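Trainee: Please walk me through reading a model like this one. Take it feature by feature.

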Amino acid sequence: MSNTSYSFKENSHVIVNQGGEKKVMKKILSVALSTAMAFSMFASVAFGADAKLTPEQQFNALKEAGIVSGFPDGLSHLERTLTRAELAKIIVNSLSLEPVDATSYNDKNYANHWGRPYIEAATQAGILNGKDAVKKLFDPNGAVTVQELAKVLVTALKLEVPADANNTASEWAKGYVAAAVNAGYLADGINYQAQATRSQAVVAAYAIYEAAQFKVTKAEAIDATHVKLTLSNGETVEVTLEKALEPNKATELEYTTADGKVLKYTVTYVVTTATKVESVKADNLREVKVAFDGEVDAATAEDASNYSISSDETTQEVEVVDATLSADKKVVTLTVEDKADENEGLENQVKYTLDLSNVRAGSNVISASDLEFTPVDAALPVAQSAQALGNKTIKVTFSEPVKADVSATNFTVDGAAVVGSTDVSGNVVILKLYTTLSNGEHTINVSGVSDFSGLLNLSTDLKFSVVEDTTAPTIVSVENATFEYVTLKFSEAIDPSTISVGNVYWLKGTTEYPVESFKQLSDDTFRFYFSEDNKLQYATTLYVSGVADYSGNVIAKDASIAVNPVLDQTRPEVVSVKMGDDVANQLIVKYTKAVEEETAEDMDNYVIKNSSGDVVAEYKEIELSEDGKTATINLISDLTEGATYTLTISNVTDTTTLRNVILPYTTSFTVANVTAPTADSAYFVTDSRKIVVNYSKAMLTSGTGSILDKNNYVVHDSDNNTWKALPSGATIVASSNGKSAIITFPKSSTVAVDDFDLIRVSGVKSATGKTLSGLTKDLTLAEVTPIAVESAEATATNKIKVTFDQTIQTATTSDFTVKNTDGDSLKVISVSVDDDDVYLTLSSNTKLTENGQYDGAPVEVTVNANKTLVNPAGIKFTDDSAAATKQVSDKIAPTLSSVTAATYDEDTGRITATLKFSEAVSEKVAGNAKYDLAVVVDGDTIAPADYTVTFDGSNLVTLVIDNLDEYAKDWILKVKVVGTPHFIVDGTTGTGNTVSASSNYVQKAVTLAD
């Protein structure tokens, strides 16, 4: 405020402008909209309500903030009145607006008035206007009334102005005053036309100033839809957003408090883990670069099977053979199959789509489909650098992958042709010379090297320096070590052709335990993997022999390094679960790491349930991939297409020493539409005028292809040899499982269902949209027969399959009684229906033995008459004769349980072992049982010619292995049943159920015979 005192003249109301210069207006509105809390304080102070600070205290606070200043006598003189210029300055300073050097009014001496920059700023902000718009007069020295000040406050706060206000203010001001009174900012009944005092202006300025300070001081994105705000008053709030934030992008937002204050803030959702694919591009015909918006996990990002590339514009196949993650973990480079012929690889200027699935990024799983990219390889391959690896090898790096047909003829060194061999890997060519280069600088010329679009590099000279290398490589460090692998860094580039699994090992006593495989990570770094039998078990010494650099310098004979393996405590996790391609009876489970065969192929560790929570799957076998990361679950029968199931996995362990166990994992999956439905059978029911058509799967019940559409059926009159439409008035309904169509003829029809011998079905579709196999099917019509039980089979110790002679619509546990022949009852806890088969699940307390019996006695299933079991026509099972009871036949395959004993006879050089099966077994063809077994001793596979298998009618089988070398005390005997067994069966007659293939070896340490 000015230090000069002024005389005050009576003035008219202050005009509030809603327009004004946009930039300034944006700022003032941003503040004005957030002032409700502060103006609430202003109201109580300015107009007599309770207050925390007196006007004098507020004046002092504003003075310290540099917003107002006192008079020359040092006093505030709050009792004095206020001029329009002073009000302009107070508002501008309170809102931290910049004074504006302009002249918009024609008042006398206005250009030299001290308040001109403040008046101009307030005018451009749309807060104040002149008193006379035509003459452009502002009246800087005119007085401000209470009602004029009220209008400024009400307008700034956007308070609702009542239309029927009644008070002592001037007519134009009644609404503004009423709004201020209603909001509690103005006392009721005072003189609103009186001049406003400096006290009232100071209180208003303090409220505006404090409101300007009330803001969001900190905004933190908790996740994509939740933000934590810290306000200037110390309060913290959590905001839920309607629209998710874009990762790593500053976003301007507004927060509205409970009492209507709007606070603007900017927040950035910082994401280090990826949430989506940002781009896909191919600058050459061998590599596709997939960029993510954050970091992804190497284990899944580098799994080439998670990516597939296709195109509608070409018949060429594209196979992704490798996936490599960049150092920043944000870009995966896919290497596709070499374009060796016209049916492989990428083509230039052809549109492709990339599908990817199950790429992990922290807790996110990223999948995407139809990501388009078009390879554009218009650039020549460029030889970028050359590096000498000793005196006989040169490493040349190109700008892109080059074809493998590079040879020594593509290079000259110092102008002379060279003789040697080449190794090509992506964009790197290793040139191995048969001659030795002298020390010093050399020039290599590179020409005629082709990329995969057929473009040749321009002849290029590259300088490189050769330093004679007579120093053998050494082991620099152990980069990391677990019980399963060790990563070693050498002192220089190593020729990978000099590394073999036999020359890296550790010792237990004098016995060498070599690595099983290795992988080159860089020129000088390799990872060595140990087998299950050779894995590290404690801190030890790792020995390396025979490894050489590119100059032929061989590592020291006794090169070694201390290794302190760290126990891997990371649990395996499920990366993905998906159906097999074009089948409905196969699930593929991918794990983050190699899992143990025994647990991964154990059927008890996988439970599939339908939407009702019933266990539905019958397993045929589970196969683990060679790398131990993928389990393929093959089911006996198809799952329902279009249906959603849940899979629960538990107790699967990894292959590490600790055998880390997976946490129980449950996911849902939907069975794809893969096979065409078939029309399987039809019959008629004379009494109810029904024809029932049975299909292989749930069918469409609305729209084109619906089984409820009468136009999709015709019937054949054998007497007249003619096809006829269904009679007028016929109705069709679907069975509850959608697998049957029940056609009912009307009572008024002149034809009966038994007048026809065939029904033709055409053009119907499955519930998932597949058209009937063959498009049309003729089915024989015959009178429905009573439902009969055909058989009962034990398929597992807790499963009995009851087969009927026709499709079953519904069945419940009350329809069945299960007992053994001694009269002991077995409890059925659930049933599931699959066409003509009904599967009974037994309680865990009444399971069958492996031979299909219970408590030593055969088991029988009785189907109870007149219960709930019905066919699609609604006809119940009514047979209460002896035929309703079936003895349960044994269809439970025996399994190899363990090796109970294994001894070595030093005199005969023979191992005699006892194999234990889950039940008594015999041999289907004498002498052939051994071909069902795989036998391993001390890691060596034994040929069937060297062992015999003998049966004695029990579950114990004798295995005798001949022609063995001298016994070693650490021999381990391993035995398993091969993948497709034929000769070992349960029972004693050689005609039972064939033994199940083993999911893993059973083993036993071999001891010396007494």
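Mentor: Start with a strand pair. Strand β29 (residues 574–579) and strand β30 (residues 586–591) run antiparallel, joined by five bridges. Strands (E, at least two residues) and helices (H or I, at least four) are DSSP runs, numbered from the N terminus. Two strands pair if DSSP finds at least two bridges between them. This is a predicted model: local features need pLDDT of at least 70, side-chain atom pairs count only at pLDDT 80 or more, and totals for chains, interfaces and linings use all residues. Residues are numbered from 1 along each chain as its sequence is written, and side-chain values use heavy atoms, leaving out hydrogens and water.

Trainee: What is the bridge partner of Met-579 in β30?

Mentor: Strands of a sheet pair through backbone hydrogen bonds, either parallel or antiparallel. Here, Met-579 has Leu-587 as its bridge partner. β29 and β30 form a hairpin, with six residues between them. In that turn, Asp-582 has a positive phi of about 55°.

Trainee: How many of the six residues of β29 are buried?

Mentor: Five, so β29 is mostly covered. Buried means under 20% relative accessible area, exposed over 50%, and partly exposed in between (1.4 Å probe, protein chains only).

Trainee: Which residues of helix α3 are buried?

Mentor: An α-helix has 3.6 residues a turn, so residues three or four places apart point the same way. In α3 (residues 55–64), Gln-58, Phe-59 and Leu-62 are buried. They lie on the same side of α3, because they cover an arc of only 105° around the axis. The arc is that of the directions from the helix axis to the C-beta atoms. Just after α3, Gly-66 takes a positive phi of about 80°.

Trainee: At what angle do the axes of α4 and α5 cross?

Mentor: Two packed helices are described by the angle between their axes and the distance between the axes. The axes of α4 (residues 84–94) and α5 (residues 116–124) cross at roughly 65° and come within 8 Å. Axes are lines fitted to C-alpha atoms, for helices over the stretch in contact; angles run from 0 to 180 degrees between N-to-C directions. So α4 is roughly perpendicular to α5. Angles of 65 to 115 degrees get that label; under 35 is roughly parallel, over 145 roughly antiparallel, the rest oblique.

Trainee: Which residues does Ser-199 contact, leaving aside neighbours within four places in sequence?

Mentor: Pro-55 and Leu-78. Contact means heavy atoms within 4.5 Å. Ser-199 lies in helix α8 (residues 198–213). Ser-199 is buried, because its relative accessible area is 18%.
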